[in-house]
Amino acid sequence: MANGAERECELVVMFSDEELKEMSGVKRGLDYIEVMCGCTSHRYGDAVGRLRVFQNGDLEITCECTPGCQEDKLTPAAFEKHSGRETARKWKNNIWVIVNGEKVPLFKTVLLKYYNQVSKNANGSHRSHNGRVSHRDEFVRCTRCNKERRFRLRTKEECRIHHDALADVNWKCPDLSYDEITCDDDEERGSRRVYRGCTRSPTCKGCTSCVCFGCEICRFSDCSCQTCIDFTRNAKT
């Protein structure tokens with residue numbers, strides 16, 4: 001009984017009944033809540049799914065666009081792309097939940113409370129002397145055309161996209177969710193590639209101001225890669 005009471009208390013702390021009032025498909029877990037969500041494409045219509053909001057700020061979507069769809073544990077950006085949304089890169093606006101029978105964009109709900117808190121704290125915990133987030137741009141090579149593509153690492157969402165691309169041994173240019181890029185597009189010129197966003201020196205090749213070895217914004221508790229596991233263990237000690 002005590003454990004059940006503690007669990008119920010945690011759920012109440014995460015989101016109150018009033019905050020979730022009239023929201024469709026609400027299910028409560030120990031460290032997350034789940035709601036029905038969707039994203040609308042003018043061409044393909046509504047793609048529906050189930051959004052899980054975790055206390056650590058992670059957002060995870062299981063797609064239910066068709067009975068046989070196997071896409072699960074998608075980031076919001078990946079779900080937005082999977083749905084065929086024409087104007088991608090704005091998942092906070094494009095992904096919606098049903099509140100009182102109406103489609104309401106995520107950014108207008110309380111569901112991003114933990115995501116925003118973690119992003120804000122992470123951005124503040126890993127900054128350079130002038131206050132800017134000090135994750136430099138990185139590159140990943142396409143397995144199809146062998147061209148390297150730039151990844152911006154300014155937000156938790158962008159870091160997750162880069163993290164998943166590195167983990168994908170078959171990553172290809174069209175998989176880049178926030179840029180409409182194909183293998184036919186030219187590779188970035190060498191003279192431009194040297195600029196990677198370091199706040200200390202524009203052409204820095206890597207220093208303590210722009211290279212991060214692990215923080216809340218670029219490590220993920222739901223990932224089983226060794227780097228994330230090690231970071232999660234160290235964060236608990």
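1. Residues are numbered from 1 along each chain as its sequence is written, and side-chain values use heavy atoms, with hydrogens and water left out. Because the model is predicted, local features need pLDDT of at least 70 and side-chain atom pairs count only at pLDDT 80 or more, while totals for chains, interfaces and linings use all residues.

2. The largest pocket holds about 500 Å³ of space. A pocket here is an open set of points on a 1 Å grid over the protein atoms alone, where a 1.4 Å probe fits, with protein on both sides within 12 Å along at least five of seven lines; lining residues have an atom within 4 Å of a point. Points are joined across faces, edges and corners, and the volume is the space filled by probe spheres set on them.

3. Lining the largest pocket are 19 residues; Ala78, Ile161, Asp164, Ala165 and Asp168 lie nearest its centre. Two or more residues come from each of α2 (76-82) and α5 (156-167), and α5 gives the most, with six. Helices are DSSP runs (H or I, at least four residues) numbered from the N terminus.

4. Domain 1 (17-119) and domain 2 (142-235) each supply at least three residues to this lining; the bounds come from an automatic or database domain assignment.

5. By class, the lining of the largest pocket has nine nonpolar, three polar and seven charged residues. Ala, Val, Leu, Ile, Met, Phe, Trp, Tyr, Cys and Pro count as nonpolar, Asp, Glu, Lys and Arg as charged, and the others, Gly among them, as polar.

6. The second largest pocket holds about 340 Å³. Of its 16 lining residues, Leu153, His162, Leu166, Cys218 and Arg219 lie nearest the centre. Helix α5 gives the largest share of this lining, five residues. Nine lining residues are nonpolar, four polar and three charged.
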